[in-house]
Amino acid sequence: MADSGVAPIVDPLDDAAAHWAARYRDVLLDGLSLSPPSRAATPALHPALRWARSGMMSLCGDVDRPPQMCAAPLAAVADGALAALASIASPSRFADLDAAALLAERALLTGLRRAGRQSAGGACRLLTCADGLIALSLARDDDWSLLPAWLEDDVHDWAGVEVALRRRDRVPLVARGRELGLAVAASEPAPQRIAPWCRIVAGRAWRPLAETVRAPLVVDLSSLWAGPLSSHLLQRAGARVIKVESVTRPDGARRGSPAFFDLLNAGKQSAAFDLSCPTGRAQLRQLLRHADIVIEASRPRALQQMGIDAEALLVEQPGLSWISISGYGRAWPQAQWIGYGDDAAVAAGASDLQQRAGGSAIFIGDALADPLTGLHAAYAAWASHLAGGGRLLELSLVGVVRHALAFARPHDDAQLRRRQQRWTARVSAEDIRTATPRQAVQAAPVLGADTAAVMAEFGLPC
Amino acid sequence: MATALKPGSRFKSAVCDTQVMVVKAPAGEHELCCGGVAMLAPTASGEGALDANFASGTLIGKRYVNEDESLELLCTKGGQGSLSLGATPLDVKQAKQLPSSD
């Protein structure tokens, strides 16, 4: 467990090191006290060049202005997280996967561009309040209807929001927005020291890895990006993945880019249950009894209201690893808060750090917290399974990004600016050229394609 | 007691723990009830008995609407009473559709 604070391990101005990713890999492995027989290799390229060539740098910056280098070695974080997973799984299964490129692939596949204080995806904005910046995502059509209640004003568009926020303070705005179920957060400074990115909520402490285990069955209840990416990576590691969706509320990403949806979900089985009725809920509960790993990215109360209790399942199934992905964790009241990849990254400090480094307060990449969390969740899930299971693990979007930003973070802003300048000087226009995203080898299953087969195999009630 | 319902205004139940925030409301004055008893402003005090016909409960985070969805309330704290506009019960609004991306 990464519970004890890990001291900074890299000279923040060490430009010669090609070992940034290896060091992040070791932070993750040592943090869970795991000692695999060998550690997977990491790319030798400097993180500034990895960042530029992955396509991430061209996603950072103001519209019609040059792209900005990120002062945090996030490409090394991605590479290191994948290497940690590969070290405890089978390195050869990940040899052809470029972790830094995973961060940019949605934007590259769908043609998203940097837009400064607007997220690349368009749903989130950085907005100026009287005492600083907040990030607000209006990802669902229904979110717009909450604006009058949030602002107690007749506001229905972004222009109206900007005017209404200018004279108000962030704390009451954010509190009231969260009460209404809006994904809203203050832009916070990135932490100075590394803090845990993963917490054992219930179950056993970490223990040595088994050398061989049977391939796990993963039941993935998540949607969008972070959770599906993690089960996609677990599939690469050798797991069987059943993607479970509600018939009435399927994964919203099915309505997004097919190329991206296929990339994350090809090769999984799709089971769809009517979770609005007791039969569908009983089917899901019964299927969960067969799972070795559950990936889930809903607020705890959503599953509890369906009669699904992670803690209780853990008691009944001692080998289960339950991976709970949320915006801000399962503690009260954070468990109620909604977070998406862009606003969570701002809450964790990504935009503030960029400004301190001499750039502008902008979004970093595309929904940065999602792919970073997906990488860490896959590692945590596989590690827990190999360590005998029996854990409810909490990963939050904000916690993972905070951990990533604190890794090798210079302690004063002057050093941060020097790093930013030196790393910027390392890359050429050629390095920032648009990268080519990977493509799905096959289409993802249509909704419920495997429901009948899954029901028959596991004897689910009709 | 009929009262104007403005988006963002809060009410609490007189007979249980329920609290709500108005998301949208039709113009004019309306009688918002919980547990069959008129709801109160957050700082007001009042009392009454829970009407068994309005006792199916509220759930935190759920949105409640009238038939034409001209009134919409967000439950910010759950309780034993159920919500009504006058004597007409409010229904749980269908859960928000998931976003296609974030």
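How many helices and how many strands are there in chain B? Select chain B to find the answer: zero helices and 11 strands. The model on display is predicted, and the predictor assigns the complex an ipTM of 0.91 and a pTM of 0.94.

**Stop 1: chain B**

Keep chain B selected and colour it by confidence. The average pLDDT of chain B is 92, and 97% of its residues score at least 70. Followed from the N terminus, the elements run β-β-β-β-β-β-β-β-β-β-β.

Next, display the C-alpha atoms alone. Along the principal axes, those of chain B fill a box of roughly 45 × 25 × 25 Å. The radius of gyration of chain B is 13 Å, which agrees with the value near 13 Å that a compact globule of 102 residues would have. Of these 102 residues, 42% are buried. Among contacts between residues at least 6 apart in the sequence of chain B, 56% join residues at least 24 apart.

**Stop 2: where the chains touch**

Show both chains and select the residues in contact. Here 28 residues of chain A meet 18 residues of chain B. On the chain A side, α5 (147–151), α7 (170–180) and α13 (341–348) each supply at least two residues. By class, this side of chain A comprises 10 nonpolar, nine polar and nine charged residues.

**Stop 3: the open sheet of chain A**

Hide chain B and turn to the strands of chain A. Seven of them form an open sheet with mixed pairing, in the order β4-β10-β9-β8-β5-β6-β7. Which strands stand at the edges? They are β4 (199–203) and β7 (269–273) of chain A; each has a single partner strand, so one side of each is left without a neighbour in the sheet. From one strand to the next, the twist averages 20 degrees.

Now select β5 (residues 217–220) and β6 (residues 240–246) of chain A. These two strands run parallel and are joined by four bridges. Within this pair, A:D220 stands opposite A:K243 in β6(A).

**Stop 4: helices on the sheet**

Then select helix α15 (residues 369–386) of chain A. Helix α15 lies across β8, β9 and β10 (391–396) of chain A, and runs at about 165 degrees to β9(A).

**Stop 5**

Zoom in on A:W332 and A:P333. A cis peptide bond joins the two residues, with omega at about 0 degrees. A:P333 is found in the loop between β9 (321–326) and α13 of chain A.

Move to A:S33, in the loop between α1 (20–31) and α2 (47–54) of chain A. A:S33 is a residue other than glycine with a positive phi, near 55 degrees. A:S33 is partly exposed, with 15 other C-beta atoms within 10 Å.

Finally, select A:D64, in the loop between α2 and α3 (74–88) of chain A. Phi of A:D64 is also positive, near 60 degrees. Is A:D64 buried or exposed? A:D64 is exposed, because 7 other C-beta atoms lie within 10 Å.

Technical notes
Residues are numbered from 1 along each chain as its sequence is written. Chains are lettered from A and ligands numbered from 1 in the order in which they are written. This is a predicted model: local features need pLDDT of at least 70, side-chain atom pairs count only at pLDDT 80 or more; totals for chains, interfaces and linings use all residues. pLDDT is the predictor's confidence in each residue, from 0 to 100. Two residues are in contact if their C-beta atoms, placed from the backbone, lie within 7 Å. Ala, Val, Leu, Ile, Met, Phe, Trp, Tyr, Cys and Pro count as nonpolar, Asp, Glu, Lys and Arg as charged, and the others, Gly among them, as polar. The radius of gyration is taken over C-alpha atoms; the globule rule is 2.2 Å times the number of residues to the power 0.38. A residue is buried if 20 or more other C-beta atoms lie within 10 Å of its own, exposed if 12 or fewer, and partly exposed in between; C-beta atoms are placed from the backbone. Two strands pair if DSSP finds at least two bridges between them. Axes are lines fitted to C-alpha atoms, for helices over the stretch in contact, and angles run from 0 to 180 degrees between N-to-C directions.
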